[in-house]
Amino acid sequence: MSSEIRLAFAHPSERSEATSPRGPLDRISLRDHTVEVEIGAFQAERGTTQRICFNIVVEVRPLTSDIDDDVDRILSYDRVTEAIAYELAAERLNLLETLAERVAERILLEPQAVRVFVRIEKLDRGPGALGVEIVRSRSDLGGAVPDTSQERPHPRV
């Protein structure tokens with residue numbers, strides 16, 4: 001039981017490894033990505049910004065062909081930070097849970113993404129970090145997943 005409690009508060013990368021499905025998956029991670037945003041359901045959180053911290057691990061399907069040192073052939077860290085920025089800019093939200101769901105869904109639309117761990121914490125709301133962590137997989141999206149059976153072209157510039 002103590003290992004379960006330790007894992008519950010471990011970084012998402014450690015939880016990803018401990019709960020990995022069968023078959024080899026690679027992982028990319030974003031740690032301690034902090035942004036200032038207006039978010040929150042309480043009156044004290046309206047009209048002011050607060051720091052929130054993102055820790056995200058994306059399990060990705062290994063490439064079956066050479067990467068050729070080409071960033072366009074991988075799920076890059078930029079796509080993860082772009083998903084965060086996009087969802088933060090879309091509208092003001094009350095709940096970290098809503099933000100986590102939307103970020104996870106946007107990341108899972110990437111062809112290589114299989115499963116994502118999203119942890120978001122408010123750093124300025126209490127004596128410690130207050131937050132939420134979710135785990136979502138590609139199968140959770142249902143019909144929203146684009147067809148990835150055809151490999152996308154990779155033009156060289």
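**Salt bridges, helices and the nonpolar core**

The side chains of Arg-136 and Glu-101 meet in a salt bridge, with N and O 2.3 Å apart; a salt bridge is a side-chain nitrogen of Lys or Arg within 4 Å of a carboxyl oxygen of Asp or Glu. Arg-136 belongs to strand β4 (residues 130-137) and Glu-101 to helix α4 (residues 96-108), so the pair ties together parts that are 35 residues apart in sequence. Helices (H or I, at least four residues) and strands (E, at least two) are DSSP runs, numbered from the N terminus. Arg-136 is partly exposed, with a relative accessible area of 24%, and Glu-101 is also partly exposed, at 36%. Here buried means under 20% relative accessible area, exposed means over 50%, and partly exposed lies in between (1.4 Å probe, protein chains only).

The model is predicted: local features need pLDDT of at least 70, side-chain atom pairs count only at pLDDT 80 or more, and totals for chains, interfaces and linings use all residues. Residues are numbered from 1 along each chain as its sequence is written, and side-chain values use heavy atoms, with hydrogens and water left out.

A search of the whole structure finds 12 salt bridges. One of them joins the side chains of Arg-27 and Glu-59, at 3.5 Å from N to O. Because Arg-27 lies in strand β1 (residues 26-37) and Glu-59 in strand β2 (residues 50-60), this pair ties together parts that are 32 residues apart in sequence. Arg-27 is partly exposed, at 32% relative accessibility, whereas Glu-59 is buried, at 0%. Glu-59 also forms a salt bridge with Arg-115, the closest N and O atoms being 2.7 Å apart. This second pair links distant parts of the chain, with Arg-115 in strand β3 and Glu-59 in strand β2, 56 residues apart. Arg-115 counts as buried at 13% relative accessibility. Through shared partners, the salt bridges join Arg-27, Glu-59 and Arg-115 into one network.

Strand β3 (residues 113-122) also holds Arg-119, a residue that is buried, with a relative accessible area of 12%. The side chain of Arg-119 makes a polar contact with the side chain of Glu-133, at 2.7 Å. A polar contact is a pair of N or O atoms within 3.5 Å; within protein, one must be able to donate a hydrogen and the other to accept it, and residues adjacent in sequence count only if both atoms are side-chain atoms. Phe-117 lies in strand β3 as well and is buried at 1% relative accessibility. Phe-117 and Ile-134 are 17 residues apart in sequence, while their C-alpha atoms are 5.8 Å apart in space.

Helix α4 has 13 residues and reaches 18 Å from its first C-alpha to its last, close to the 18 Å expected at 1.5 Å a residue. The expected span is 1.5 Å times one less than the number of residues in the helix. The buried residues in α4 include Leu-96, Leu-99, Ala-100, Val-103, Ala-104, Ile-107 and Leu-108. These residues cover an arc of only 160° around the axis, which puts them on the same side of α4; the arc is that of the directions from the helix axis to the C-beta atoms. The cover over the buried residues of α4 includes β2, α3 (77-90), β3 and β4.

Helix α3 has 14 residues and reaches 20 Å from its first C-alpha to its last, close to the 20 Å expected at 1.5 Å a residue. Its buried residues are Val-80, Ala-83, Ile-84 and Glu-87. They cover an arc of only 95° around the axis, which puts them on the same side of α3. The elements that cover them include β1, β2 and α4.

In soluble globular proteins, nonpolar side chains tend to be buried together. A nonpolar core is a set of buried Ala, Val, Leu, Ile, Met, Phe, Trp, Tyr and Cys residues joined through side-chain atoms within 4.5 Å. The largest such core has 29 residues, of which Ile-52, Ile-56, Val-58 and Ile-107 touch the most other members. The elements giving two or more residues to this core are β1, β2, α3, α4, β3 and β4, and α4 gives the most, with 7 residues. Leaving aside neighbours within four places in sequence, Val-58 is in contact (heavy atoms within 4.5 Å) with residues including Arg-27, Val-80, Ile-107 and Arg-115.
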